[in-house]
Structures are given as C-alpha cells and as structure tokens.
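Q: I have a chain open here and would like to go through it piece by piece. Can we start with what sits inside?

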Amino acid sequence: MELPTMGLPQIIVLLVAAQRLAELALARRNTKQLLAEGAREVGAAHYPLFVALHAGWLAVLFLGTPADALVDGALMALFLALQAGRVWVVASLGRFWTTRVVTLPGAPLVRRGPFRWVRHPNYLVVAGELAVLPLAFGEVWMAVLFSALNLPLTLHRIRVEEAALGDRRGITRPRSRPA
C-alpha cells in the first residue's frame, strides 16, 4: 500500500485533526470534573456515531483529496471564520464544554457569547465545517455525504440535549393524558 502524497490539503487536514485531538483532551478533562461534581451524562449511546463520523470525515478528506488539489482561498477563509466560531462557543461554555451531553443539575445555563442568539451554535459551526472544508478542496461529494450523515445525528443530539436541559430551562415534559 502506497502512502498518500502530502499536499496542502493533507497538511490542512492534519492541522484540523490536531485541533480536534486537543479539543478532545479538554472535553475529557471538563467531563471528568463535571461528573465529579455530580453531573450526569445522557445519550451516551449515540456518541460513538459522532466519533466515527468525524474520524471518517478527516480520513476521507486526507486520503481522498488529491495532494495537488487547488485550495479555494475564499472557502478557506470561511472555514477559518468557522474555527473562530468554534473557539467562541468553547470559550463561552468554559468548564461546561464537552463533546458529550453532560448536565450538572442546578448549574445556570450559559447565555453569553453566541448562546445569546442561538440555542445550539456549536452544531451550526460543525455543519458548516463538514461542508466547507471539502468544498474548499473541490470535493463536493464529500461535503454532501458528510452533511447528509451529520444531519440525523445532530437532530437526535439536539433532542437529547433539550430533554436533558429542559428542567433547567423551566420546561417540563408534557404529561400524557389519562385515557
């Protein structure tokens, strides 16, 4: 098996992978601390699907993009803006940012940063990233494929988060009516 030729797209993907690994380390630390404070994780069963999706996205980008592919500067600028959005989300959540759905009963909901305007800004950023980076390399099929795979997972995750945070928002689940 021949190793792929390294070009600018592969270097960019490696930088994104390094960023994600650093984020995973931060998320693990935050998760461990929150659980020690009495937080609980919900929806853990879907987490491996997100890991597989994102690892697959990076692997397909790295291996499937020709090393000599032109990189669209405008789309890379948009991808960098999305990275700024990602950092803003992580910084706004602070110690509450994790890659899992972890909720600490009684903790106030974060309403600063992008959370002032958008309920789930991280998922908007991720959806943009999954589409924009492949498009920057001219890989339309990768953008479509990973966007399509991400959509049902993200919609499920939002439902899980909303249910987990409902009591902290003062929202109660509707009770079924007696027959």
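Q: How many residues are in the largest nonpolar core, and which have the most contacts inside it?
A: This is a predicted model. Its largest nonpolar core has 22 residues. Those with the most contacts inside it are Val 16, Trp 57, Leu 61, Met 76, Phe 79, Leu 133 and Phe 137.

Q: Which elements give two or more residues to this core?
A: Helix H1 (8–36), H2, H3, H4 and helix H5 (140–165) do.

Q: What does Phe 137 touch?
A: Leaving out residues up to four places away in sequence, Phe 137 touches Pro 9, Ile 12, Val 13, Leu 61, Thr 65, Ala 69, Leu 70, Val 71 and Met 76. Two of these, Leu 61 and Met 76, are also on the list of residues with the most contacts inside the core.

Q: OK, zooming out. How many helices and strands are in the chain?
A: There are five helices and two strands. Along the sequence they follow the pattern α-β-α-α-β-α-α.

Q: And what box do the C-alpha atoms fill?
A: Roughly 60 × 40 × 35 Å, taken along the principal axes. The chain has 179 residues, and 42% of them count as buried.

Q: What share of the contacts comes from residues 24 or more positions apart?
A: They account for 85% of the contacts with a separation of 6 or more.

Q: Back to the helices. At what angle do H3 and H4 pack?
A: The angle is about 155°, and the axes are 9 Å apart. H3 is therefore roughly antiparallel to H4. The crossing is left-handed.

Q: Which residues meet there?
A: From H3, they include Leu 75, Met 76, Phe 79, Leu 82 and Arg 86. From H4, they include Val 125, Val 126, Glu 129, Val 132 and Leu 133. By class, this contact has 13 nonpolar, four polar and two charged residues.

Q: Arg 86, then: buried or exposed?
A: Arg 86 is buried, because its relative accessible area is 5% and buried means under 20%. The residue is found in helix H3, which covers residues 73–93.

Q: What is Arg 86 in contact with?
A: Setting aside neighbours within four places in sequence, Arg 86 is in contact with Gln 19, Arg 20, Glu 23, Val 125, Val 126 and Glu 129.

Q: What about H2 and H4, how do their axes cross?
A: The axes of H2 (residues 47–64) and H4 (residues 121–136) come within 11 Å and cross at roughly 15°. H2 is therefore roughly parallel to H4. H2 also passes H4 in a left-handed crossing.

Q: Which residues of H2 and H4 meet?
A: Leu 53, His 54, Trp 57 and Leu 61 in H2 meet Val 126, Glu 129, Leu 130, Leu 133 and Pro 134 in H4. This contact has seven nonpolar, one polar and one charged residues.

Q: New topic. Where is Glu 41 found?
A: Glu 41 is in strand E1, residues 40–42.

Q: How far is Glu 41 from Thr 31?
A: They are 10 residues apart in sequence and 8.8 Å apart in space, C-alpha to C-alpha.

Methods:
Residues are numbered from 1 along each chain as its sequence is written. This is a predicted model: local features need pLDDT of at least 70, side-chain atom pairs count only at pLDDT 80 or more; totals for chains, interfaces and linings use all residues. Side-chain values use heavy atoms; hydrogens and water are left out. Helices (H or I, at least four residues) and strands (E, at least two) are DSSP runs, numbered from the N terminus. Buried means under 20% relative accessible area, exposed over 50%, partly exposed in between (1.4 Å probe, protein chains only). Contact means heavy atoms within 4.5 Å. Axes are lines fitted to C-alpha atoms, for helices over the stretch in contact, and angles run from 0 to 180 degrees between N-to-C directions. Angles under 35 degrees count as roughly parallel, over 145 as roughly antiparallel, 65 to 115 as roughly perpendicular and the rest as oblique. A crossing is left-handed if the near helix is turned anticlockwise from the far one by less than a right angle, and right-handed if clockwise. Ala, Val, Leu, Ile, Met, Phe, Trp, Tyr, Cys and Pro count as nonpolar, Asp, Glu, Lys and Arg as charged, and the others, Gly among them, as polar. A nonpolar core is a set of buried Ala, Val, Leu, Ile, Met, Phe, Trp, Tyr and Cys residues joined through side-chain atoms within 4.5 Å.
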